[in-house]
Amino acid sequence: MPLLDDHDVALVRADNPGPFTLSGTNTWVVGRDPCWVVDPGPALDEHLAAIESEVTARGGAAGIVLTHDHVDHADAAPALAERLGVRVAATRAARAVRIADGDEVGPFRVVATPGHAPDHVALVAGRVCFTGDAILGEGSVFIAPDPGALSGYLAALERLQGMDLAALCPGHGPVVEDPRAKIGQYLEHRRDRERRVIAALDAGRRTVDELLDEVWDDAPAVLRPAAAVTLAAHLDKLEEEGRLPEGVERPKWPW
């Protein structure tokens, strides 16, 4: 299993590849005697067995912690908790020990990173940040419409950029070894999308399809629904700031 030797972190990747999960969901096993499990992933028997094997090799588990409760990250949590005899820490998952921004759980400091999901957090242990779906190893993430979602996401990225981080362990994709550069790319990407949305609105584009065709022209067809989700978040932000023109069609949410 891939291992971040300097930080005593192991990766157990689930066999659930796809357009949104990339090569699969990353489950991280952190520390030892005892260790912690970050994002158990989907409830696949082979994946659960692989996590349990890694945990056993590390002297057992102290707990499980979730970055958010999307099924590809959290579905296996109840079964794994039962197998390991531990509890789950999360912001809102059922039957979990509740955590919030600024809390400490095991070796982690909890950092709120709303945007992809309202309940999303990153988990910082030493100089390693477990980013869930706030930052991926490759590509970008969709932002779910929610009051203040996009502005909150940008603020969270800036907060992470100000930390002295050595590596990002994302929910999907490879480890990021230059956190400041990656976070800078994410900030610029999202600000560029906003500039393009505003330019399209200034040019008279008003329908969802017109805005997607012009602003998300690089999105493959399979990701167009995710682009529409993020468009909704951008329009919400402009409305919150009093910059949204009249007559703009809004994407329907949820799908």
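The model is predicted, and local features are given only where pLDDT is at least 70, side-chain atom pairs only at pLDDT 80 or more, while totals for chains, interfaces and linings use all residues. Residues are numbered from 1 along each chain as its sequence is written, and side-chain values use heavy atoms, with hydrogens and water left out.

**Stop 1: the aromatic cluster**

Select W28, W36, F108 and F130, which together form one aromatic cluster. Rings of Phe, Tyr and Trp (its six-membered ring) are paired if their centres lie within 6.5 Å; planes under 30 degrees apart count as stacked, over 60 as edge-to-face and the rest as tilted. The count by this rule is three aromatic pairs.

Show W36 and F108 first. Their ring centres are 6.3 Å apart and their planes stand at 90°, so this pair is edge-to-face. W36 belongs to strand β4 (residues 35-38) and F108 to strand β9 (residues 108-112), so the pair links distant parts of the chain, 72 residues apart. Helices (H or I, at least four residues) and strands (E, at least two) are DSSP runs, numbered from the N terminus.

F130 lies in strand β11 (residues 128-132), so its pairing with F108 ties together parts 22 residues apart in sequence.

W36 is buried at 15%, F108 at 1% and F130 at 1%.

**Stop 2: H70**

Move to H70, in the loop between β5 (61-65) and α2 (71-74). H70 is partly exposed, with 25% relative accessibility. Display its contacts (heavy atoms within 4.5 Å): leaving aside residues up to four places away in sequence, H70 touches D75, H116, A117 and D133. A distance drawn from the C-alpha atom of H70 to that of G41, 29 residues apart along the chain, spans 9.0 Å.

**Stop 3: helix α3**

Finally, select helix α3 (residues 77-84), where A77, L80, A81 and L84 are buried. Viewed down the axis of α3, the buried residues fall within an arc of 100°, taken from the directions from the helix axis to the C-beta atoms, so they line one face of the helix. An α-helix has 3.6 residues a turn, so residues three or four places apart point the same way. The buried residues of α3 pack against β4, α1 (45-57), β5, α2 and β6 (88-90). After α3 comes G85, with a positive phi near 70°.

Notes: Buried < 20%, exposed > 50% of the residue type's maximum accessible area, 1.4 Å probe, protein only.
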